[in-house]
Amino acid sequence: MLACMSVTPARRGRARARIVTTSRRFRAIRAIRAIRAAIATVVVAGLAVAATAGPGTAAAPTRRQDVLATVALAWQRARVGVALAQLGLVDARGALARADATLADLTHQQDGVRLARHADPTSDLGDTDVLTVAVDLAGAARDRAAALAHDREVALYGAVQRADAIEALVAHEVARRGHADEQRLRAEWDRAPGRAVDAMVFALAQAGKPYVFAASGPAAYDCSGLTMAAWGSVGVHLTHFAATQYRETTRVAMKDLAPGDLVFFGSDLGHVGLYLGQHLMVHAPHTGDVVRVASIVGRGDVRTGRVRG
């Protein structure tokens with residue numbers, strides 16, 4: 001039994017490798033959480049995309065606004081890249097765990113056979129060569145899984161670094177543009193009711209989470225699930241269906257649209273977002289996209305609804 005329990009140099013090496021990779025994983029997760037916590041930057045990215053002169057207009061963007069729109073789009077894509085890299089790492093770590101378990105099981109069997117042969121050399125335990133080959137193959141498979149997990153760790157780290165770099169570029173471009181739009185947005189928020197502000201903060205905190213049809217959080221949302229959850233966070237009930245939310249709200253003129261109001265799109269009222277002010281909304285767009293800030297300008301007929309209560 002002691003032979004089965006012995007700690008070989010190879011086992012010590014694998015244990016050290018697991019400690020190192022676990023440490024790297026936690027560092028990567030902390031970096032991802034830091035990006036998700038940058039809600040203010042999400043608003044800035046939305047401002048960058050909203051290169052418009054006012055509601056109902058589609059003025060040609062200036063060169064500087066083109067740059068802002070480009071880097072904001074790149075930043076959104078970088079966030080999606082981080083999420084995909086994280087999923088890839090989880091998948092690779094699952095494969096590595098399975099390979100570790102297989103190798104450990106076969107190694108344990110091999111150690112048991114060796115111990116039994118040492119105790120009784122005349123015992124018939126079958127062809128041990130087959131077991132040795134199986135252990136070698138399992139070890140090679142484990143090494144390949146470890147290499148894949150390492151590659152995906154590196155990919156995740158690179159995706160986080162790219163997202164950070166693009167975020168810094170967005171901030172730089174906004175600083176060059178000036179803070180007039182941000183100041184106007186702050187003024188609108190200052191005039192908004194407290195519950196509307198809390199609902200907007202909740203919705204913005206979900207930025208970067210994937211769109212999933214019929215989802216209402218906390219890991220994913222569809223459009224009406226996001227608005228329902230945002231207003232639900234302040235105690236206001238909305239039905240999980242965009243057209244029904246339209247009926248549950250009060251009509252307001254576009255000129256009176258205020259932060260916290262709902263904006264509806266499509267002849268069938270099939271899409272809804274939460275208005276933020278300055279012709280911006282936060283919404284869950286469609287399958288394959290994530291919760292993000294966008295402009296309401298140039299989207300055709302926009303209908304409005306003020307949440308009651």
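Is serine 224 buried or exposed? Serine 224 is buried, with a relative accessible area of 4%, where buried means under 20% relative accessible area, exposed over 50% and partly exposed in between, with a 1.4 Å probe and protein chains only. The residue lies in helix α8, which spans residues 223–232; helices (H or I, at least four residues) and strands (E, at least two) are DSSP runs, numbered from the N terminus. Leaving aside residues up to four places away in sequence, serine 224 touches His240, Phe241, Ala242, Gln245 and Val272, a contact being heavy atoms within 4.5 Å.

The model is predicted; local features need pLDDT of at least 70, side-chain atom pairs count only at pLDDT 80 or more, and totals for chains, interfaces and linings use all residues. Residues are numbered from 1 along each chain as its sequence is written, and side-chain values use heavy atoms, with hydrogens and water left out. The protein chain has an average pLDDT of 75, and 65% of the residues score at least 70; pLDDT is the predictor's confidence in each residue, from 0 to 100. For residues 1–7 the pLDDT is below 50, and this stretch has 11 contacts in the model beyond near neighbours in sequence. The pLDDT is also below 50 over residues 30–65, a stretch with 59 contacts beyond near neighbours in sequence. Where pLDDT is low, the predicted coordinates should not be read in detail.

Nine of the 10 residues of α8 are buried, so the helix is largely enclosed by the rest of the structure. The buried residues are Cys223, Ser224, Gly225, Leu226, Thr227, Met228, Ala229, Ala230 and Trp231. They pack against α7, α9 (242–248), β1, β2 and β3.

The strands belong to an open sheet of five, in the order β4-β3-β2-β1-β5, with antiparallel pairing; two strands pair if DSSP finds at least two bridges between them. At the edges are β4 (292–295) and β5 (302–305), each of which pairs on one side only. On average, neighbouring strands of this sheet are turned by 40° against each other, direction ignored. Strands of a sheet pair through backbone hydrogen bonds, either parallel or antiparallel.

Within the sheet, β2 (residues 271–277) and β3 (residues 280–283) run antiparallel and are joined by three bridges. Leucine 274 stands opposite valine 282 in β3. Helix α7 (residues 194–205) packs on the sheet, where it touches β2, β3 and β4, and its direction makes about 115° with that of β2. Helix α8 packs on the sheet as well, touching β1 (262–265), β2 and β3, with its direction at about 45° to that of β2. For these angles, axes are lines fitted to C-alpha atoms, for helices over the stretch in contact, and angles run from 0 to 180 degrees between N-to-C directions.

Strands β2 and β3 form a hairpin with two residues between them. Glutamine 278, in the loop between β2 and β3, has a phi near 55°, a positive value in a residue other than glycine. Glutamine 278 is buried, at a relative accessible area of 17%.

The angle between α7 and α8 is about 130°, and their axes are 8 Å apart. They are therefore oblique to each other, given that angles under 35 degrees count as roughly parallel, over 145 as roughly antiparallel, 65 to 115 as roughly perpendicular and the rest as oblique. Residues Arg195, Ala196, Ala199, Phe202 and Ala203 of α7 make the contact with Leu226, Ala229, Ala230 and Trp231 of α8. The loop between α7 and α8 holds proline 218, which is joined to glycine 217 by a cis peptide bond with omega of about 0°.
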